[in-house]
Each structure stands twice: as structure tokens, then as C-alpha cells.
Protein chains: 4
Amino acid sequence: MKNCKWYIEQTSEDEIILHSLKEIIFSGTSPYQRIEIIRSGDFGRCLLLDGKMQSAEADEFIYHEALVHPVMLLSDNAERILIAGGGEGATLREVLKYPIKEVVMVELDEVVINTAKKYLPQWSDGAFDDPRVRLIIDDARSYIEKTKNYFDVIIIDLPEPAEGGPAYLLYTKEFYENVKEALTEKGMMVTQSASTSINNLRVFVSIVTTLRQVFPYVKPYITYVPSFFAPWGFSLASKKINPEECISKINEKIISIEKSLKFYDLDAHNSMFCLPKHIKRAIETEGRVIRDDSPLSFY
Amino acid sequence: MKNCKWYIEQTSEDEIILHSLKEIIFSGTSPYQRIEIIRSGDFGRCLLLDGKMQSAEADEFIYHEALVHPVMLLSDNAERILIAGGGEGATLREVLKYPIKEVVMVELDEVVINTAKKYLPQWSDGAFDDPRVRLIIDDARSYIEKTKNYFDVIIIDLPEPAEGGPAYLLYTKEFYENVKEALTEKGMMVTQSASTSINNLRVFVSIVTTLRQVFPYVKPYITYVPSFFAPWGFSLASKKINPEECISKINEKIISIEKSLKFYDLDAHNSMFCLPKHIKRAIETEGRVIRDDSPLSFY
Amino acid sequence: MKNCKWYIEQTSEDEIILHSLKEIIFSGTSPYQRIEIIRSGDFGRCLLLDGKMQSAEADEFIYHEALVHPVMLLSDNAERILIAGGGEGATLREVLKYPIKEVVMVELDEVVINTAKKYLPQWSDGAFDDPRVRLIIDDARSYIEKTKNYFDVIIIDLPEPAEGGPAYLLYTKEFYENVKEALTEKGMMVTQSASTSINNLRVFVSIVTTLRQVFPYVKPYITYVPSFFAPWGFSLASKKINPEECISKINEKIISIEKSLKFYDLDAHNSMFCLPKHIKRAIETEGRVIRDDSPLSFY
Amino acid sequence: MKNCKWYIEQTSEDEIILHSLKEIIFSGTSPYQRIEIIRSGDFGRCLLLDGKMQSAEADEFIYHEALVHPVMLLSDNAERILIAGGGEGATLREVLKYPIKEVVMVELDEVVINTAKKYLPQWSDGAFDDPRVRLIIDDARSYIEKTKNYFDVIIIDLPEPAEGGPAYLLYTKEFYENVKEALTEKGMMVTQSASTSINNLRVFVSIVTTLRQVFPYVKPYITYVPSFFAPWGFSLASKKINPEECISKINEKIISIEKSLKFYDLDAHNSMFCLPKHIKRAIETEGRVIRDDSPLSFY
């Protein structure tokens, strides 16, 4: 295990990143994917699925706070939360900082959960033992299809829709229609939405375009995730409530949790939701609708 | 020249990036540095100095608009501008979009200017021929030392202060004191301020800390530059005018130039100046003063 | 699984090789090591143990013919053969080309055998079904310790002795003393003996030096293995028979099998056993004895 | 210059090698090529032309002794020698170990010679000052075209025939016909002949095939060059003398120079000239004739 000193990740046809590799902590395969836990020099312990960085010790707080807190603070006292994916448990950890009634987490791959619990315990930080949590090992799409008008917030925390990969059909118009029905009237969803680097914008803008076919309000936002070596996109979508009209609410509500946060505050919120000109233009002009029968061909 | 297909750039002890290399357009050395023009698959033509990416065709507009427009719009009808470095000519191009009287550009390495003019003509886009421009081939520090109370805006567009490299002494407290004296009373400066990635924050926070020793108002800001694979820091500093009190001015003044911009608008401005919590904390706690006799030891 | 396009292998502190990666066919872990089957552009299907190339479709014939045929042809009508390691089954395949009575193969890791059978069937080519074969899943050292004066030929086909890896104690003086006792009087052994590249000679010369402490006749030899990107060492050792006096025998005996060989013939034999001056000098001057309590510290 | 820690070399579409980079000692361009002198961790000072390794401190003796001594010892008291290329001066250094009358060295690129003299002085070791040496800065092909029946030995020490590179037309049938005429009746030539790795054999076998169209005797041979990460081919060709009938001569003549050699001796000679079965088969079946109007398309 001492033989390798660099870990390779290819982020596009044209870019390869080598991370120094201090240790391979775990390497295995589940029925769904390769799962590796490594320790890199810059980012500490890292979870990789099918060779792609998912979370790193040094900056998982950025990704997970950026994913969870905008939707939780903009929605109206959400009580029932659904997390699709999120096997590391860190999304769950952030959700549990709110006085919610119930959070259902639907994760396909139990091996990811158990591996993360064992080797990355700070990620979940005991969240799986909270009595408000219900963990379901299932395909998130089939679970959501069966659910109507129930969840106040749905958080989609899945790997990218690589063809043949497990999250292939969780970024399509048909899927988002199911999500819409599973939400309560005032419900809101958020999904991680891929890289927004200039050389790699296509997936992000297509997710936004697709959401706009389904939801009346769609707000994309961006923050840089160091271990992804890219500015990362997220998309908030809601059925009835215009998120822009709720921003004032954040100000009061953030007080109750801000001490427990390392990345997110009002400035971070504002920074994320102000997109530069070329990204706004790309969203208007370059996206296309992702459908079950015409998914994205992915790197 | 067809033999190499990947270009290697090491951004830290622990991270290596390989860019696909379509063509080596120019490779040479000046008395100061290695200069290469390559074409990469993702970023088009790129200028590299001593093996480090300086500007890329695909996204130089982000870096140069982020560097130039905040300081130009926040300052009060600046008429006399100094650019230290900026050999590609793109910073000059952006400055010339304003109705200024005079811009002095002090660049050490004439070979960089001539190489960029020849192989990257869109970067300067004819700016060197503008009658308001005075080009001086000299060390920016010694030029600035000789100048008192003259420039309304000073823009510092230099490579990182690698030990033994040409920009070594252009990030120190002593240098910033010279800059302060070269500015008019209402003058403002801006400097590129290195990566703000979580694994690489030290230089950025030290530049901010050092500027705060010299200037009463210092405003760091950040935007992601795709070809640097990092969120990039900039620092604005002013003698008398609080930049925060001038933000309303941007709104009116931006109208006159916004059509010529691809990245910068009010949203981009707001996004850049809102720093997330962990960056603000790092600025308060981790920086140190850079001095002529205790420069940064650099990767 | 489509995300990675390059496979990384570090062959020393100072050298990294990237192989194009067309497909990850299998990735798993046994109790002893990580096991991967990939397809590279140049070498076809490859078996990797703990990230190190063991065998590649394009050139496994070179390694396996070089390992097996010299010892089989130089020894005197060997009837009982032991293979230590050799999980892919290709060493077994080559041994079975001779009219032997019995071949015992002792491999620690059953998962390697089963993975190779499934994904690399041409490697063993049915060899495991031959009635002359006895497969034992065990540590080769403990098996050999229990065996006295039985085998005519012992072939040691194990990964390098990485500290903490499974083959750690199978390159020491104590182990070779056990091998000597397990051989018949006219018996001969051969072991793969690591890279002989100029920057990496230490392990090879130490294996030769160690064998010379135990056996009266030791003949190192070398051939280039393309997928290892290095000239590879092997060492033949015998108790009573001087291999150099047997070379004439090869001439006659090779006729019976030469049609089934792709690499090995008399020329290949001669080329392998003639070492250049600097390698001979290194063997005389640079080796040291490897012992159970002073193993090699390995890259 | 301290920023880069790895040097990249791509040896085929499917293989990339990273060498640790301790220092960039020189980087420049001549009218013909990029020239770099670096120091790598494993190989010491290295000369690179257009990004390809030409010679390394740690093992240049292997390449240069393998190139020079077989042809010098097999030919009959050669007195007039021509070296085509060989800008580092190390081929010249080896040739001058013999009691020759005259050696003409024709090198296209004076910058290579001067750079090597300055930064790699042990390569030539004073050879350029020997009174028997005549250095001509010219294209070797046009020099050889003008020469008839003059040289006893011609040594071709040029980079690979990359399309558009300076050695493009120095591996064709037409060129070898000129070489043949420039040789005396008992004359012999040798040329470096590219990699013989299994994934990269095409150039080597085509050079051998092409030489066989021109010369009655052609003897390819191979030795591993560590810094090329490949077994390297050479080809000896002669007009009248069968090299195989001269091998006995080596035995006597080698005594006079063997003390000054580090790689080459009788064993090394025998090892190099015995090709394994798959290489012999490739030579018979896979080569094609290289002509001025149908050169090799090269990686």
C-alpha cells in the first residue's frame, strides 16, 4: 500500500489533476461503484466514488453548508426533509442543526454509508443515531415516485449523472416532476449541479434549464470547492414561494445556527447567489433539457 | 514540437495539474524568465512565465476585468493610472475603456510584451498604440520610488513573488509604502493577491495583512479563474476614501462601459466582495507582514 | 467507471508513469492486497496488485517465458516442480509444456487466482485443470519450510518484497535456506528479482548477493519487460549442478517446445545471460544480504 | 524556476512519464528546436530536444558506448570517421579512443554543441579540442551527398525523425544510398534506431527494413537505456564485410580500450546482438521502406 504516492483524477478530456497520496485507507467495490478512502497531502481524508472526489476532510464543510443552509433558511420552517443520496452523512449532520420533525435519507449504496461511518466518522458526527432520522436503502427515484405532497424540503446530494452510473436518472425532467409532486405546496428543493468552470459549464446550465421546465422559481448558485478544483453549482427550485422574497428571513433565522457553521454566513450567501455575467449568459443560451431518453453524455 | 501532449503545472507540493497541450506556439527565455505560449485543449492560447499560467484565451477576461474595474469604478474619476507589470497588455486594454488622461505602464521584461503582441494580439487589442499610453521598460519598484502624489489609481499586475523571481520585492510593506506615496490623496491601488484555495491561503492573507499596515482601507476580494484552477484573490487599498462608501457610484458609472464587459457587472462585483466565513477568519488570524527582509517563502 | 482515462504507477521516488486507461474491468480487495484488472491502450488487459503492474496481455509471455524456460531447460529432466506465487496461472501454463510428473503451486491469495481465471483466462489457459497440478492456498514460506529434498525445480513468482506486503519474507537468506533444503540434490531454483534499471538496481543486486550466501551456483539474468518499463532481473541458483555446464543441453531440449514459445529461443537465452559491464560491477560491489531481521526498505 | 517539480515526457499516445525535476539549468530555443538542460532526481543532468530526452548524466555511457564500439571494433582499422549529429560530443569522445586519422562531425545546430559544452562538459570531455576533429555546422544529408568513397565508418546519432523536425530526412532509403556511396568499400555504418519496446516497434523495424534495401549486411541490435525507459535499437550496415565474420576480431582489439569503458564488453556485445524471438519476427513481418516521399508518421 506504500507504493503509490499520487492519486489521479481526470476532470475533463483536457485536464488531469494529481493529488499527493499519503495513504490508501480503504479500497473496495460495492454492487454500485468503486469506493476509496485516501489521505491526500492537501485535503486530508477523501472519499472517492468511481475515482471521483466526493468529499474531503479539509473542505467538506464548504460543500455541505452550501448545499443545505440556503434551502433550509429560505423555506418556511421546514419540518419534513428528504435527502436523496448523501451517504457520507454530512448533509444529514447539517440538516439536524434545525428543529425539524423528521428527515428521511434514501441512499442506494449501504456500503458507502458504512465505509463513511467507519473511516470518516466526523462527516456524520453521530447523525445516523438521531431519532428524527429514517434511513432507507433504496433508489431515490423510485422512493420519490411513491411520495406525494409530503416533504417541505428535498435535498439531492448525488454523484454526477455518469452514463451507466447509479445517479444516471436523477437529473432528468421526469425525475424533477416527481420531486415536485413529493414536495408540499410551499416546498423547496436543492440539487448539487456540477462544475461551473468555464470549460465545463454544460452540465450545470442543463440542470438549470431542465429545472426551469418544471418549477416556477429556480435559483442557481455557486461556490468554489477547493478539493474539486472548481467552482461548484447548486440549484434551488420551489413550487410557490419565490426564494428572492425570503432573503430577509435569513437574517433572523441564521442567528440560531451560525455558531455551528464554518463557511456559510450572510456574506457567503450573497456571494453565492450573485452570478457573474458570463455564467448568466451561459444559462440563458447554452442549456438543454435533460430527459430520461436523452440524458447528458458525460465525461 | 508534436511530441508533447500534456503540459504540467505544479500548484503546490501536493497538487499537479496536467493540461492537454495542443501546440507549443513559442518557447524562449528573456533575461528575467522562461516565456512560453502554448495552446491547451480547454483554455486556448496560454501565456506561461517560468512554467506558471498567467493568462489564457478562454478566461483572461475574468482575471483582467476583476482586476481593473472595481478600482476604476470605486475611485473618483481617475485620470492618471499606473500599471505595474501587465505585460500582456490586457490590463491596459481594460483601463483604456475609461476617459482617462494618461496611463503609464512599467514592465520589466520587454520580451513578454513583444511575445504577447505577436502571439496574443487580442490581449492588448491595439492598446499599446493608444496616445494616452506611456510604456516604460523598468523595474516597477524603482519607478514608483521616484514618484510622489501623482497617480489616482495604481494597478499591480505581477507574477507571484517567487524567491529569486522578478516580482520578489513587489509585495512587501516597504513597496506598499512607496505605492502609497505615489498615489494622490484620493488615490486607490489594487493588486492581484494569489490563490485563495483552502490549501493555499497563506500568500493571500499575508498580502492583506501587509496592506493593512500601510493603508487605512483595505478590501480583499475573490473570483474564480478557471485556468488557474483556483479562486483568485485581489486586494483594493485606499488612502482616504472608504471604498464601501463608494459602491453606489458603481451603479451609475458602470452603464458607460458595461457593454464592453464579459464578466464584470454589479452581481459579479457583489459576489467578489462578499467573502465566506472561513476566508474572513483566515484573514484575521493567519496572515503575517511581508517585509523586504522577511519575504514569503514560496512554492 | 468511464471517468478515469489514465492509470498512475510510481516506479521510484523520482519517476511516475501514466498508462492510458481504457477500462477498469475489476477493482477489489482481498485480505492481502488491492487487486485491479484494467485495460490500457498499449498493453491490453493488465493485472495490478497494490497498484503495481504484475502482468499485461501484450507482454506477459516475455516475463513468464523468461522466468520458466531457463530453469526448466537447464535442470536435468525435472519431474517435480514447485511454484511459489504465480496466481495468474501463466507460470503454471509454461511449466506444463514439459513432461513433468507433478507441479505444486502455493499461492497465498485465492482471490488473485479466481480474478485471473475470470478476467484473464488466456493467462492460465486451462492450466488449473491439468491433473498434474496441485493448488495449495497457503503462505509459500511455511509450505517450503515443511518440505525436504523433494522438488527438482522451485520457481518463485511473487510481487516485490514491499514492507508489510504479502511477499515480505520471501526474499531473505533464511527463506532461501529453506528453498535449498526443499530442493533435490540436483535441484535448481529461479526467482524474479526486480528491476535492473540503473536508477533502481539495489533490490536486484541484493537478491543476487543473498542467494550467493546460500547456493554454490547463482546466475542472474535480465530481460526487458515493456509493461514494467524496465529491464527485469531473474536469478537462477542451484545446489550441485553448474548451470553454465548445461547450456549445451538447451539446444536439443528446446526443439520439443519452441513452437509454443513467442519470446524465448537460444538467442533470447544468450542475450539474457550476458550482463553488461556496469551490472556485473554493481553485483560485485553494491549488494547486501537480505535477512529476516534486516529486510530491504523498499519504495 | 523553482516552481516545477516534475518534468513530463510522453513516449506514446498511451504512455506519459513524469521525471522528478530538481532544477531547470537551461531553457532556450535555437532556429531548429527547443533545447533544455534539466536535472532529474534519478538521472542527473539531462539534455532534452523538443521535450524528448536525448542524454542523461547517469546513463549516457550506455547509449554512446553501444552506438560507437560495435561499429569501430567490427570494422577493419577504420581511419576516417564521420559522425552525423551527436551534438553533445559524447559520440566523438568514444570515437577518439581509437587510433584514427580523422573524424568529421556534421551537426546542424551549433546551439546544441555550445549548450552541451557549457552545461554538460563531461559529455565531450575535451573532444572538440582534439586535432583529429573537424566540426562542420551543416545539414548532415547535404554533406554526405557531396562525399564519395571516403569514410571507413559513418555513425548516425540524430534525434528521431519527427515530422517537421530537423532529422526528418535522415532515415530514408534515399539518405542511406548516399551514406553507402560516402563509405569506402570496406566501410560500415551504424544508426540509432529508436525504441524496441513491444508497444512501439514500428520505427525500429522500418529502419532495419529500409537499410536492407540498400546494404547487403544489416545487423540490428538492442540495449536498454534507462533514461529512455525503453530498450533502444541500433542498426549496423556494411557494404562488403559481413559483421558476423568479424566478431572474433573484437576479442583482441577490445583489450586496448576496455579499461576506458563502463558498459561495453564482450558480454554486452553478445547480449545486444542476440534478439529475442518476437523482435526477430517483427523485423521479418512488420517493417516498411521509409522513403523521402513516404516518411514515417511519428508520435
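So, His64(A): leaving out residues up to four places away in sequence, it touches Ser55(A), Glu88(A), Ala90(A), Thr91(A), Arg93(A), Glu94(A), Trp123(A) and Asp157(A), where contact means heavy atoms within 4.5 Å. Bear in mind that this is a predicted model, where local features need pLDDT of at least 70 and side-chain atom pairs count only at pLDDT 80 or more, while totals for chains, interfaces and linings use all residues. On bookkeeping, residues are numbered from 1 along each chain as its sequence is written, chains are lettered from A and ligands numbered from 1 in the order written, and side-chain values use heavy atoms, with hydrogens and water left out.

Back to His64(A), which sits in helix 1 (residues 60–74) of chain A; helices here are DSSP runs of H or I, at least four residues, and strands are runs of E, at least two, numbered from the N terminus. His64(A) is buried, at 0% relative accessibility. Buried means under 20% relative accessible area, exposed is over 50%, and partly exposed is in between (1.4 Å probe, protein chains only). The His64(A) side chain also makes a polar contact with the side chain of Glu60(A), at 2.8 Å. A polar contact is a pair of N or O atoms within 3.5 Å; within protein, one must be able to donate a hydrogen and the other to accept it, and residues adjacent in sequence count only if both atoms are side-chain atoms.

Which residues does UniProt list as "binding site"? His64(A) and Glu88(A), from an unreviewed entry. They span 25 residues in sequence, yet no two of their C-alpha atoms are more than 10.4 Å apart, so they gather at one spot. UniProt positions follow the numbering used here, feature names are shortened, and annotations may be inferred rather than shown by experiment.

Glu88(A) lies in the loop between strand 6 (80–85) and helix 2 (90–95) of chain A. Glu88(A) is buried too, at 7%, and its side chain makes a polar contact with the side chain of Ser55(A), at 2.6 Å.

Then there's Asp157(A), listed by UniProt as "active site", again in an unreviewed entry. Asp157(A) is in strand 9 (residues 151–157) of chain A. Is Asp157(A) buried or exposed? Buried, with a relative accessible area of 8%. Among the residues that Asp157(A) touches are Tyr63(A), His64(A) and Glu88(A).
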